[in-house]
Amino acid sequence: FKLKKKPDILILEGWCVGGKVLYTFGMIVIHPENPQQRLIFRLVELVNQGGVIVYPTDSTYAIGCRIGNKIAKQRIQRIRALDPKHKFTVICPNLSSVATYAKVDNIAYRLLRRLTPGPYTFILPATSEVPRLLVDPRRKTIGLRVPSNPIAQALLSELEDPLMSVTLSFPNRENHLTDPSDIRLELANRVDAVVDGGYCGT
């Protein structure tokens, strides 16, 4: 392996026979309260290219990709060893975005205004804008969340579309991984980037 160091970015390159690059894995160190814009743009580029990233939320680290990206979703399902029926959450930047993907009545709107942004996921009727692979086929609902975490908000504000995401946890571990260094060791080359936003979780 070859370790490259750039300001705020660690890139681990794996090499196969003949010196050809087999994969590139990035650890991106972002300030937890004042995210560096250039690093957010790097994440946006990765997500828009179909990448899978690990990023901090209000409660713990999550693993996500661009909404509707079937291949990236399948990668996440393999990493998390998820049942194909496991539902992903749509991660939105604001209430306006929520209203694009969910049918919000007056009661739900008042609740959303009071509790977002924050660590809560809301189950609401899905609109036609939601990709079918995310909708509960029986209830026709979708889980949505508006995080307050500064890094997540900075990323979402620059993306054209929301993220679809699940909590980063593993069947062989009792607790969530909360330290970015542990996450890097666990995931190795299975994701395109891990955002180091500091310790995150309980």
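**Close-up views of a predicted model**

**View 1. Thr141 sits in strand E8, residues 141–145.** Strands here are DSSP runs labelled E of at least two residues, helices are runs labelled H or I of at least four, and both are numbered from the N terminus. This is a predicted model, where local features need pLDDT of at least 70 and side-chain atom pairs count only at pLDDT 80 or more, while totals for chains, interfaces and linings use all residues. Residues are numbered from 1 along each chain as its sequence is written, and side-chain values use heavy atoms, with hydrogens and water left out. Is Thr141 buried or exposed? Thr141 counts as buried, because its relative accessibility is 17% (buried is under 20% relative accessible area, exposed is over 50%, and partly exposed is in between, using a 1.4 Å probe and protein chains only). Setting aside neighbours within four places in sequence, Thr141 is in contact with residues including Ile123, Leu124, Pro125 and Leu134 (contact means heavy atoms within 4.5 Å).

**View 2. Helix H1 crosses helix H5.** The axes of H1 (residues 37–48) and H5 (residues 150–158) come within 9 Å and cross at roughly 60°. That angle makes H1 oblique to H5; angles under 35 degrees are roughly parallel, over 145 roughly antiparallel, 65 to 115 roughly perpendicular, and the rest oblique. Axes are lines fitted to C-alpha atoms, for helices over the stretch in contact, with angles from 0 to 180 degrees between N-to-C directions. Which residues meet here? From H1 come Gln37, Ile40, Phe41, Leu43 and Val44, and they meet Ile151, Ala154, Leu155 and Glu158 of H5.

**View 3. Thr116 and Pro117 are joined by a cis peptide bond.** Omega is about -5° at this bond. Pro117 belongs to the loop between helix H4 (106–115) and strand E7 (121–125). For background, most peptide bonds are trans, and most residues other than glycine have a negative phi.

**View 4. Ala81 and Lys140 have positive phi values.** Phi is near 55° for Ala81, which is found in the loop between helix H2 (70–80) and strand E6 (89–91). Ala81 counts as exposed, because its relative accessibility is 54%. For Lys140, phi is near 60°, and this residue lies in the loop between E7 and E8.

**View 5. Cys65 and Cys92 are both buried.** Cys65 has 0% relative accessibility, and Cys92 has a relative accessible area of 0%. How many disulfides are there in the whole structure? A search finds 0, taking a disulfide as a pair of cysteine sulfur atoms within 2.5 Å.
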